[in-house]
Amino acid sequence: MKFHIITLGCPKNQVDSEGMSSILAAQGHTPVAHADDADVVVVNTCSFIAAAREETLDVLREVAARKTPGQYLVAAGCMAESHSALVAAAPGVDALLSTREWMRIGDVVDTLQREPAVAASSAAREIIPLSSAPASSDDLRVPGAYADWRTAPIRRRITGPSAYLKISDGCNLRCAFCTIPSFKGDMRSKAVGAILGEAQELADAGVKEIVLVAQHLTDYGRDLGLKDGLALLLDELCAVLPKDRWVRLMYAYPHGISERLIATMARHPQICHYLDMPLQHAHPETLRRMHRPPDSDRTRRLIADLRAAMPDIALRSTFIIGFPGETSAEFRALTAFLEEVQFDRVGVFRYSREPGTPAAALPDQIPQRVIERRWHTIMRLQQGISRQRNRRWVGRVIRVLVEGQGQTDDGRLLSVGRSFRDAPEVDGQVLFWGTAATGTFVDVRVTQALDYDLWGEMVEAPADDARSENGT
């Protein structure tokens with residue numbers, strides 16, 4: 001059968017979609033570029049917040065409305081697990097597959113292929129039973145002879161110079177606003193050897209940047225009995241990867257960042273001097289209500305340690321605005337923290353009241369108009385900070401991973417890429433005149449700094465001091 005996968009949500013979902021695609025291809029099915037050409041359309045859903053669930057349902061409705069006779073629609077992933085009844089009720093959905101069981105996609109498609117009459121009936125959703133494990137379950141086994149996501153044999157599909165590599169899934173934390181542990185379960189780490197094999201496969205296929213992702217990256221290996229597991233993993237990764245590759249760290253919970261991890265990041269040339277460190281807030285009382293460590297002074301010391309070890313490190317964080325009980329004073333403390341710390345990149349979420357979370361039952365929910373006003377205030381503040389951080393690079397040479405080419409309205413050629421300071425999809429870009437091959441590294445002298453992006457000119461030869469060019 002021909003299949004097409006639509007991925008919604010985070011990079012972890014992208015990795016799972018690649019896994020499903022690999023399994024289907026290994027079983028003789030054929031990927032196609034457009035849903036209209038597919039016999040089976042798989043929507044890998046997102047359930048992060050209400051807006052993500054609305055988007056998921058909209059996409060399912062859109063695909064269902066375009067279904068042709070004999071075409072099937074499978075809803076897979078997080079929302080298929082967290083809100084299975086709601087997803088199953090969406091018109092046109094023929095089967096569900098939960099986020100913990102995407103390895104069964106081959107079985108689902110085979111069932112649709114072998115028993116189309118059954119699958120097309122109103123009872124179709126019942127022929128593919130789902131298991132539902134509690135958040136604290138230690139049992140990640142998938143019914144039947146399936147491996148779980150950590151050991152499922154998959155072949156990565158390379159689509160560009162960068163690739164995500166999921167090293168763990170699930171989370172042991174119980175932040176008051178977050179639903180993820182309820183459908184992902186506790187954290188489970190992929191074995192070091194399996195990660196090294198996947199990384200080498202990516203590098204051999206030409207991937208120049210490997211982005212490590214997880215729900216809680218800095219907790220990697222705890223369930224495997226490893227101490228400082230992420231630092232150990234990075235040492236092993238850098239021993240097997242060529243020197244001209246980038247390794248980037250995303251979703252690093254601050255209290256898991258150890259002295260050894262900082263030293264490891266500073267030591268290896270492959271590791272980008274970049275860290276995505278979601279903090280969610282800076283006021284101790286807000287953090288207590290969030291069920292997160294309230295010690296903002298420790299966070300300040302940690303940031304100082306990171307900058308002492310890697311002076312050009314680019315720090316990214318995310319925050320939630322309008323958490324229940326957030327007073328004006330607490331919000332002002334957050335803006336003061338941002339002015340003091342000067343993050344290079346910041347993402348800001350408006351608080352979403354998620355049913356079933358402890359935060360949903362808290363008193364003093366913040367009116368939406370206040371949330372909106374605070375969101376705009378903090379975005380304007382960070383825009384100026386980001387511009388100032390970018391201006392530090394004007395006149396300097398920075399290494400860029402080229403991602404594409406284009407031209408201006410008057411026909412002038414230009415190229416676009418990212419430096420070590422920018423993660424894929426969420427950060428800025430570096431644009432420069434002229435052309436360079438996609439997937440190559442070039443050196444660019446920065447001539448202009450915008451709010452989020454840099455402009456520059458390609459230089460012919462690397463500068464003498466490579467450490468200052470690429471942050472490593």
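This is a predicted model: local features need pLDDT of at least 70, side-chain atom pairs count only at pLDDT 80 or more; totals for chains, interfaces and linings use all residues.
The cysteines are C10, C46 and C78, which UniProt lists under "binding site".

**Confidence**
- Residues 120-146 have pLDDT under 50 throughout, and the model gives them 54 contacts beyond four places in sequence.
- Residues 463-470 are also below 50 in pLDDT, and this stretch has 19 contacts in the model beyond near neighbours in sequence.

**The UniProt site**
- The "binding site" entry in UniProt covers C10, C46 and C78.
- These residues are spread over 69 residues of sequence, yet they cluster in space, with a largest C-alpha distance of 10.6 Å.

**C46**
- You'll find C46 in the loop that runs between strand 3 (40-45) and helix 2 (50-65).
- C46 counts as buried because its relative accessibility is 13%, and the cut-off for buried is under 20%.
- Leaving out residues up to four places away in sequence, C46 touches L8, G9, N13, A52, R53, T56, C78 and M79.

**C78**
- C78 sits in helix 3, which spans residues 78-82.
- With a relative accessible area of 8%, C78 is buried too.
- Beyond its neighbours within four places in sequence, C78 is in contact with N13, T45, C46, S47, T99, F183 and K184.

Note on methods: Residues are numbered from 1 along each chain as its sequence is written. Side-chain values use heavy atoms; hydrogens and water are left out. pLDDT is the predictor's confidence in each residue, from 0 to 100. Contact means heavy atoms within 4.5 Å. UniProt positions are given in the numbering used here, feature names are shortened, and annotations may be inferred rather than shown by experiment. Helices (H or I, at least four residues) and strands (E, at least two) are DSSP runs, numbered from the N terminus. Buried means under 20% relative accessible area, exposed over 50%, partly exposed in between (1.4 Å probe, protein chains only).
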